[in-house]
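Work through the following exercises with the sequence and the model side by side. Each task is followed by a solution that goes step by step.

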Amino acid sequence: MRHILIIINLLSLSFMNAQEKEIEKYQLLPFGSIKPTGWIKAQMQKDLNGFVGNLDQLVPDLINDPIYGSGRLQKHSKSKELGNLKEGDAEGSEQYMWWNSETQSNWWDGYIRNVILLDDKAGLEKVKKYVYNILATQDPDGYLGIYDPELRYKFNSENGELWSKATLYRGLLAYYEYSKDEKVWNALIKAVDNVMRNYPINASSPFSSGEKFNGGVSHGLTFTDVLDKMYQITGDKKYVNYASFLYLDFSKTYQSEKDAQLANILNPNYKLQSHGVHTFEHLRPLIVAAYANKKTELQNALSIYLKRIESTTTITGGPIGDEWIAERTADATHTGYEYCSIHELLDSYTVLLQKAGQAKIADEIETIFYNAAQGSRDPKHSCIAYLKTDNSFEMLGTKNGEIEPDRKQTRYKYSPAHQDVAVCCNPNAGRITPYFLEKSWMKEGGNTLVATILSPSIVEATIDNNPIRIEEITEYPFKNKFIFKIQNSKNSNFKLKIRKPIWATQVETKEKFTEENGFLVLDRKFAKEDQIVIEFKASIIIKEDANHEKYFTYGAQVFAKSIDATEQKGKIYKGDFYDVTYAPKTNTKYQFIENNKAKFENDKISVTLKNSTTNESENVVLIPFGQTILRQVSF
């Protein structure tokens with residue numbers, strides 16, 4: 001977020017002629033057009049062989065709950081037994097009624113996207129069976145959700161009506177874009193129409209649910225994800241107009257998760273305080289609403305909200321979410337971030353990137369994915385941290401040993417499921433890479449293909465009726481050299497735009513290019529088999545966070561001092577799937593000194609720091625943040 005402020009003053013330019021679809025800078029490619037290669041593909045395959053592909057075996061009762069079909073919720077349905085510890089939960093039991101819809105639909109969304117991108121034949125057959133089983137639960141009037149007729153659309157308290165739909169429909173939309181299965185598309189049109197008919201625009205209040213905890217209701221605001229995607233596919237503004245209606249209704253009703261309500265955003269004295277996941281996912285509905293109409297207050301609100309999120313984001317891109325923001329600002333040691341929050345903020349920024357088109361947004365996306373997201377994975381086991389801090393001095397359940405008196409804290413550990421808390425972070429960890437890749441390439445106008453987010457990948461697109469295939473060969477972010485291998489069957493002329501990272505000190509290439517708002521623009525006739533070689537030069541940059549602590553970056557990566565740890569096995573789910581905690585072998589911490597002699601070599605940073613125990617200067621080796629478990633990153 002350190003660079004996002006530069007974007008804010010540019011945003012207003014994108015709101016000109018707001019009733020025209022062209023205000024959105026880039027156009028999305030159908031899901032599946034961009035496939036992973038290199039280390040990202042290998043990591044996705046590891047995940048598919050691991051917790052992403054096996055979560056339905058690790059928590060079968062949650063994934064296989066027929067909540068969308070024969071197990072739809074009725075007036076006398078009992079609260080679900082989820083296998084989690086509920087000590088200290090202040091939210092109430094109502095949320096446990098709909099939780100399984102989130103768990104299974106977010107998991108399926110990630111699983112669907114992973115098997116598509118990896119072209120996993122067995123997985124694709126499994127997905128097709130699932131999709132058709134879900135479609136079989138749709139009622140003749142189009143209803144596709146978790147409630148029996150006696151309950152649906154008739155709530156005055158906590159519910160998961162829109163939330164259960166959002167999580168389900170996102171996966172179905174991905175499958176449709178890949179398969180072009182008209183049965184799926186027709187079912188989605190009927191399902192979305194059913195929502196708009198039962199919650200008529202400007203004549204109903206979908207978010208009115210009393211004045212008690214309503215986290216599921218608030219989550220339901222992300223139904224705008226579905227509406228925005230429907231708009232991207234069809235160009236029909238009824239979808240984004242309805243999304244704008246939802247956001248405005250959300251803003252005028254009681255919400256327990258209220259950071260993104262319009263009045264609170266426009267209140268200069270308001271500080272972010274809600275459940276972090278809600279706060280960061282609600283950036284997307286605000287973006288969609290702001291681009292759907294000409295309301296100046298929505299445009300102003302978007303700028304303000306982005307600025308507020310900046311103060312909650314750590315140096316690695318991790319947004320406070322442990323679990324509430326509680327009016328705090330980011331701190332490398334004392335504020336943690338939830339894996340769900342990492343995914344939701346990244347996803348929100350990708351939506352902003354598509355609509356605003358600013359290169360700096362892509363830099364923020366890369367910071368999150370290549371640092372906070374990678375640094376919350378266990379490099380040795382197939383599991384992720386539910387909560388994590390930048391400076392991670394232990395992972396034994398609590399936040400660096402801090403005690404929370406009123407809450408039994410077990411979130412600071414690695415697990416393939418985290419069932420003792422909630423099976424939400426692991427499904428989102430399965431979604432983050434496909435969502436990251438989905439907007440790594442986009443189109444601009446009729447003849448421009450844009451490499452927005454740098455990553456090893458292959459894109460297939462059509463430019464002026466000409467099929468184009470580009471393989472982006474790179475070890476990025478570990479190396480900063482790129483080979484773009486282009487297959488261009490018609491030997492045609494088109495534009496290729498490649499984002500120049502904000503940290504790049506120099507561009508080395510034999511190509512002739514111009515620079516345009518943070519992008520290298522190549523406009524020429526490409527051969528049927530062509531290639532472009534580009535290398536971005538980097539240097540060590542020493543930065544300072546809001547707490548005046550220093551940290552080291554090189555290229556897109558933040559670097560950290562890894563701390564040796566003793567691994568301890570916890571709950572065993574099945575086979576090699578088990579919880580893991582880590583105890584440090586030493587409590588030594590280091591302090592920054594000016595004469596640090598920082599040097600980058602062999603993919604590491606060698607630096608002189610002061611040992612805080614001995615007060616002596618020592619040579620310390622820093623490695624990429626994403627390769628660490630216990631670490632010190634700020635000095």
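**Exercise 1.** Locate Ser-244, decide whether Ser-244 is buried or exposed, and list its contacts beyond the local sequence.

Solution. Ser-244 belongs to helix α11, which spans residues 238-252; helices (H or I, at least four residues) and strands (E, at least two) are DSSP runs, numbered from the N terminus. This is a predicted model, in which local features need pLDDT of at least 70 and side-chain atom pairs count only at pLDDT 80 or more, while totals for chains, interfaces and linings use all residues. Residues are numbered from 1 along each chain as its sequence is written, and side-chain values use heavy atoms, with hydrogens and water left out. The next step is accessibility: Ser-244 has a relative accessible area of 6% and is therefore buried, given that buried means under 20% relative accessible area, exposed over 50% and partly exposed in between (1.4 Å probe, protein chains only). Once neighbours within four places in sequence are set aside, Ser-244 is in contact with Ala-289, Ala-292 and Asn-293, where contact means heavy atoms within 4.5 Å. For Asn-293, which is 49 residues away along the chain, the C-alpha atom is separated from that of Ser-244 by 7.9 Å.

**Exercise 2.** Describe the surroundings of Thr-137, including the backbone oxygen that its side chain reaches.

Solution. Thr-137 sits in the loop between α6 (121-135) and α7 (161-179). Its relative accessible area is 19%, so Thr-137 counts as buried. The side chain of Thr-137 reaches the backbone oxygen of Ile-134 at 2.6 Å; a polar contact is a pair of N or O atoms within 3.5 Å, and within protein one must be able to donate a hydrogen and the other to accept it, with residues adjacent in sequence counting only if both atoms are side-chain atoms. Not counting residues up to four places away in sequence, Thr-137 touches Tyr-68, Gly-69, Arg-72, Tyr-143 and Leu-144.

**Exercise 3.** Find which residues lie closest to the centre of the largest pocket, and which helix gives the largest share of its lining.

Solution. The largest pocket has a volume of about 320 Å³. On a 1 Å grid over the protein atoms alone, a pocket is an open set of points with protein on both sides within 12 Å along at least five of seven lines, a cavity is a set of points where a 1.4 Å probe fits but cannot get out, and lining residues have an atom within 4 Å of a point. Grid points are joined across faces, edges and corners, and a volume is the space filled by probe spheres set on the points. The pocket is lined by 16 residues, and the closest to its centre are Gln-104, Trp-108, Tyr-130, Asn-133 and Ile-134. Helices α5 and α6 each supply at least two residues of this lining, and the largest share, five residues, comes from α6.

**Exercise 4.** State how many cavities of 30 Å³ or more a search of the whole structure finds, and describe the second largest cavity.

Solution. The search finds six such cavities. The second largest cavity has a volume of about 250 Å³, and of its 17 lining residues the closest to the centre are Asp-225, Lys-229, Val-351, Tyr-435 and Lys-439. The helices that each supply at least two residues of the lining are α7, α10 (223-234), α14 (283-292), α16 (339-356) and α18 (425-438), with α10 giving the largest share, four residues.
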